[in-house]
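Biologist: I am new to this structure. Please walk me through it, feature by feature.

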Amino acid sequence: MLPKDSLLFQNYPNPFNPVTKINYSLPRAVKVNTNVYDIIGRLVKTLVNEFKEAGSYDIQFNGAGLASGVYFYRIEAGDFVDSKKMVLVK
């Protein structure tokens with residue numbers, strides 16, 4: 001069953017060390033760009049930068065090379081934009 005709305009879910013687990021999962025849903029095919037940023041807005045990692053079909057997706061993010069702290073992940077999928085906070089604790 002296809003989702004009705006574009007959604008970005010809270011990562012799990014949160015706080016995490018060093019791996020977490022980020023889920024999102026798309027009601028239609030669209031170009032998706034998902035990035036992770038540090039607390040001052042610097043790009044840390046691009047997770048997705050490609051065209052995706054409608055459906056539900058999950059991304060595994062490994063923060064092994066990063067310092068403990070607060071990070072943000074942001075999705076841009078067509079006209080849908082959302083971001084969430086996650087905490088890396090080592």
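Modeller: What follows is a short tour of the sheet, the core, the peptide bonds and the side-chain pairs.

Modeller: This is a predicted model, in which local features need pLDDT of at least 70, side-chain atom pairs count only at pLDDT 80 or more, and totals for chains, interfaces and linings use all residues. Residues are numbered from 1 along each chain as its sequence is written, and side-chain values use heavy atoms, with hydrogens and water left out.

Biologist: How many bridges join strand 3 to strand 6?

Modeller: Seven, and the two strands run antiparallel. Strand 6 covers residues 69–77.

Biologist: Now a single residue. Is Thr 34 buried or exposed?

Modeller: Buried means under 20% relative accessible area, exposed means over 50%, and partly exposed lies in between (1.4 Å probe, protein chains only). Thr 34 has a relative accessible area of 1%, so Thr 34 is buried. Find Thr 34 in strand 3 (residues 30–38).

Biologist: What is Thr 34 in contact with, leaving aside its neighbours within four places in sequence?

Modeller: Contact means heavy atoms within 4.5 Å. With those neighbours set aside, the partners of Thr 34 include Lys 45, Leu 47, Ile 59 and Arg 74.

Biologist: Next, the core. Which residues touch the most other members of the largest nonpolar core?

Modeller: A nonpolar core is a set of buried Ala, Val, Leu, Ile, Met, Phe, Trp, Tyr and Cys residues joined through side-chain atoms within 4.5 Å. The largest one holds 19 residues, and Tyr 24 and Val 32 touch the most other members. Two or more residues come from each of strand 2 (19–26), strand 3, strand 4, strand 5 (55–62), strand 6 and strand 7. Strand 6 gives the largest share, four residues.

Biologist: Where are the cis peptide bonds?

Modeller: One joins Asn 14 and Pro 15, with omega about 5 degrees. Another runs from Asn 17 to Pro 18, with omega near -15 degrees. Pro 15 lies in the loop between strand 1 (7–8) and strand 2. Pro 18 is placed in the loop between strand 1 and strand 2.

Biologist: How many salt bridges are there?

Modeller: Side chains of opposite charge can pair when their charged atoms come close. The rule asks for a side-chain nitrogen of Lys or Arg within 4 Å of a carboxyl oxygen of Asp or Glu. The count comes to five. One of them joins Asp 79 and Arg 28, with the closest N and O atoms 3.5 Å apart. This pair links distant parts of the chain, 51 residues apart: Asp 79 sits in the loop between strand 6 and strand 7, Arg 28 in the loop between strand 2 and strand 3. Asp 79 is exposed at 70%, while Arg 28 is partly exposed at 43%. Another salt bridge joins Arg 74 and Glu 76 (3.1 Å, N to O).

Biologist: Last, the rings. How many aromatic pairs does the structure hold?

Modeller: A pair of aromatic rings is described by the distance of the centres and the angle of the planes. Rings of Phe, Tyr and Trp (its six-membered ring) pair if their centres lie within 6.5 Å; planes under 30 degrees apart count as stacked, over 60 as edge-to-face and the rest as tilted. The structure holds two such pairs. Phe 16 and Phe 61 are edge-to-face, at 6.1 Å centre to centre and 70 degrees between the planes. Both Phe 16 and Phe 61 are buried. Tyr 24 and Tyr 57 are stacked, at 5.3 Å and 20 degrees. Tyr 24 is in strand 2 and Tyr 57 in strand 5, 33 residues apart.

Technical notes: Two strands pair if DSSP finds at least two bridges between them.
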